[in-house]
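This report describes the packing of one protein chain. The sequence and the structure are shown first.

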Amino acid sequence: MRRFWLGLGLLLLGVIVGSWAAFSSYHPYKLNYRRAVINLPITFTRYLQDDTYALGEKYLAEDLAAELKKNGIEAKLYTFEDSLSNRNFNEGFEIFMRSGPELTLDGYHNYADKDRVAVLFETIPYGMNVIKNADIVLTGSLKKNKFYREQGINSFYLSQFTRTDKFYPAFREKLHRPILFVANQWPDFPVRKSVQYAKETGIAIDVFGDNWENILVDDAASWWKARQIPNDKLKYFYSSADIVLNDTRPDMIEAGFISNRIFDATACGALVISDYMPEIEEIYGDAVPMYKNKEEFKQLIEFYLSHPEERRLKALKAQEITLQKFAADKVIKRMSEILQQYVSEKGWN
């Protein structure tokens, strides 16, 4: 009997020791630097499933998550609803894309895990009150990156990008149109130049986007086709237009941010005509024709509509530049290297 109880005691001791070892090695909330969360300026999580939701950052974030996964970093998208709830996540990187109220990042490491890395992916200008509190700033502006570096910010230039498995030439005859503009009208901003100049010069264009109901009225009411194009269908529209128009927010022009529309549309083989930015000219030269006023806008459109061969050659030249410099695999590989280098230098990986 004594031998029985001794064996039972040893068995229980083994179970206890094994359980303790397993428990002590189990860290459900330990930060994982192969995981990331991407914060978006969207109110409710259900909107992430809406493929016509009118916010460019949503689709850019989806593409970012897909490309990060290829580089060994699992990423998921969060909305305000997620951000303000008890998330209990263990993602090592928290990437912000125009999201708040956490975006101020004041005291970030006081209420979030000490070693979680706050990353700002700056596709439109942030204020220094935000920039100064980030662990890593990835900015799409060479001008801003130079300034941040001079201020001692841990900043890197990282352009926006296009997924070449998502944006590529895919002409559809039924979607053919002379002039296409896919963009939302910004609240509290002047009417976008592409639409304003088209109205002033009498050039009819097809517009897809949100907030146009009070602008495209009377003779221009027929220009507005829909609030949005599903993102996975956008390549067909870009590829099938003779000309795709681009214009840029005033604050983005001042800060030197190129619209992602240029990268996506040129990847599809479209001729893009844009408002003037020296940053676009430096990259694309004359492959993306640009206008500085409504007279130049009218001249460029009339010329390229009536000269299809010149249009084709410009579009091909721009496409080659985009694929060489702004393909997602190249850009996000660089992003992954920056993130992993940071945690490696901290000794956290």
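A nonpolar core is a set of buried Ala, Val, Leu, Ile, Met, Phe, Trp, Tyr and Cys residues joined through side-chain atoms within 4.5 Å. Buried means under 20% relative accessible area (1.4 Å probe, protein chains only). The model is predicted: local features need pLDDT of at least 70, side-chain atom pairs count only at pLDDT 80 or more, and totals for chains, interfaces and linings use all residues. Residues are numbered from 1 along each chain as its sequence is written, and side-chain values use heavy atoms, without hydrogens or water.

The largest nonpolar core comprises 36 residues, and Leu64, Phe121, Ile136, Leu138 and Met335 have the most contacts inside it. Helices (H or I, at least four residues) and strands (E, at least two) are DSSP runs, numbered from the N terminus.

In helix 13, the buried residues are Arg311, Lys314, Ala315, Ala318, Gln319, Ile321 and Thr322. Seen down the axis of helix 13, the directions from the axis to the C-beta atoms of its buried residues fall within an arc of 165°, so these residues line one face of the helix. They pack (contact means heavy atoms within 4.5 Å) against strand 10, helix 10, helix 11 and helix 12.

Across the protein chain, buried residues make up 51% of the 349 residues.

Conventions:
Buried < 20%, exposed > 50% of the residue type's maximum accessible area, 1.4 Å probe, protein only.
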